Amino acid sequence: MLLVTCPVCHASGDETDFHFGGQAHVARPATSNPEGISDEQQREYLFTRINPKGLHFERVRCDRGCGKWFHAARDTMTMEFKAFYGITELPPDHVIKQAKGAWAEYFTMRMKKQK
Amino acid sequence: MLEPRFESALALRGEPTTTYVSMREITTRGMIDLRGLTSDRKFMAAAKAVLGFDLPKAPRTSNSFGDVKVLWLSPDQWLVLCAREKAPSLAAEFAKATENTHALAVDVSDMRSIIRIEGEGSREVMMKGCSLDFTDADFTPGYVRRVRFAEIAALFTIVDASTIDLYVFRSYANYAWDFLLKAARKGSEVGLFNGR
Ligand SMILES: [Zn+2]
């Protein structure tokens, strides 16, 4: 049983009190560019997901608690949670630094955009 | 025109004699679903003007004055408890006071059934249905929490050391009652709270 802590209401509970919501930080291309998206972009958005061995970022809902969505950074190998953070936020810097592969590329891109 | 009439989902269930805690339904309580943002000062002030006291801001707490009690459910949701017959007018007062803010107040008195569990074993019986540790110091009177209880969505408040009010959606009331009958059957005591 995984123990989850909601960053909104700070309740800790069993994973059964929470609802898993798939990969985090998936941006819908049609939101920023409704006219100009290609089939490939839409396909990527709908079906292509990162499936890393190690650090991964996911969405979770405080299903039986405050009802809010949030993010979790989890190691898929050890099942250890590295961080819980808000739904509009990026993970804490020290967790971003541990990201590898596709996630490292994604966060580098996000950091550039922020600047 | 037909007048709306309240019918309890648990009307046919008598108070059990087979359990080591007492169980009864509370039918006289009205409930109002109040939504608005904690960060919206205008909304918080309007709610206070209607209630005469502040909405609770801290997670899993409640505030009360007189016969009105407010349970914190989320940073943008509260459950206001009052006398059943008072709920429609109180909901209307909230709606009027918050009409210029992004808010919502609805009388949901018939949405949930309330089961009062009383006795030394009340916390223990709750623990048989959910993952929470009721021996934790957090669980003081006034504590409110939504939780997965017996596989269904539930809400409970700690009324005092040996009394818990369990709120379940109306359609689950009989299921929850049956679960409690089994979980609290005499002879199944664990004795976790004996003398506490
Ligand atoms: Zn929460």
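Buried means under 20% relative accessible area, exposed over 50%, and partly exposed in between, using a 1.4 Å probe and protein chains only. Keep that handy for the close-ups below. This is a predicted model, where local features need pLDDT of at least 70, side-chain atom pairs count only at pLDDT 80 or more, and totals for chains, interfaces and linings use all residues. Side-chain values use heavy atoms, leaving out hydrogens and water, residues are numbered from 1 along each chain as its sequence is written, and chains are lettered from A and ligands numbered from 1 in written order.

**View 1. Four cysteines of chain A hold the zinc ion.** The protein donors are the SG atoms of C6(A), C9(A), C62(A) and C66(A), and they lie 2.3 to 2.4 Å from the zinc. (Donors are N, O and S atoms within 2.8 Å of the metal, or 3.2 Å for Na, K and Ca; water is not among the atoms, so sites may look incomplete.) The angles among the four donor atoms run from 109 to 111°, which makes this site tetrahedral. Four donors get that label if all angles lie between 85 and 135 degrees. For four tetrahedral donors, the ideal angle is 109.5 degrees.

View 2. Along the chain, the donors are spaced as C-x2-C-x52-C-x3-C.

**View 3. Helix α2 of chain B has buried residues along one face.** This helix covers residues 87-97, and A87(B), L90(B), A91(B) and F94(B) are buried in it. Why do they line one face? (The arc is that of the directions from the helix axis to the C-beta atoms.) Here's the handy background: an α-helix has 3.6 residues a turn, so residues three or four places apart point the same way. What covers these buried residues includes β2 (29-35), α1 (41-51), β5 (77-83) and β6 (104-107) of chain B.

**View 4. S122(B) is tucked away in helix α3 of chain B.** The helix spans residues 122-127, and S122(B) is buried, with 0% relative accessible area. Leaving out residues up to four places away in sequence, S122(B) touches V21(B), I117(B), S162(B), T163(B) and I164(B). (Contact means heavy atoms within 4.5 Å.)

**View 5. A11(B) is an exposed residue in the segment before β1 of chain B.** That strand covers residues 22-26, and A11(B) has 58% relative accessibility. A11(B) and E25(B) are 14 residues apart in sequence and 8.4 Å apart in space, C-alpha to C-alpha.

**View 6. Domain 1 and domain 2 of chain B meet at a contact.** Domain 1 takes in 22-27 + 111-183, and domain 2 takes in 29-107. (These bounds come from an automatic or database domain assignment.) The two centres, taken over C-alpha atoms, are 23 Å apart. The contact takes 14 residues from domain 1 and 13 residues from domain 2.

Methods: Four donors count as tetrahedral if all angles lie between 85 and 135 degrees; four count as square planar and six as octahedral if opposite donors are over 155 degrees apart and all others between 65 and 115; anything else is irregular. Helices (H or I, at least four residues) and strands (E, at least two) are DSSP runs, numbered from the N terminus.
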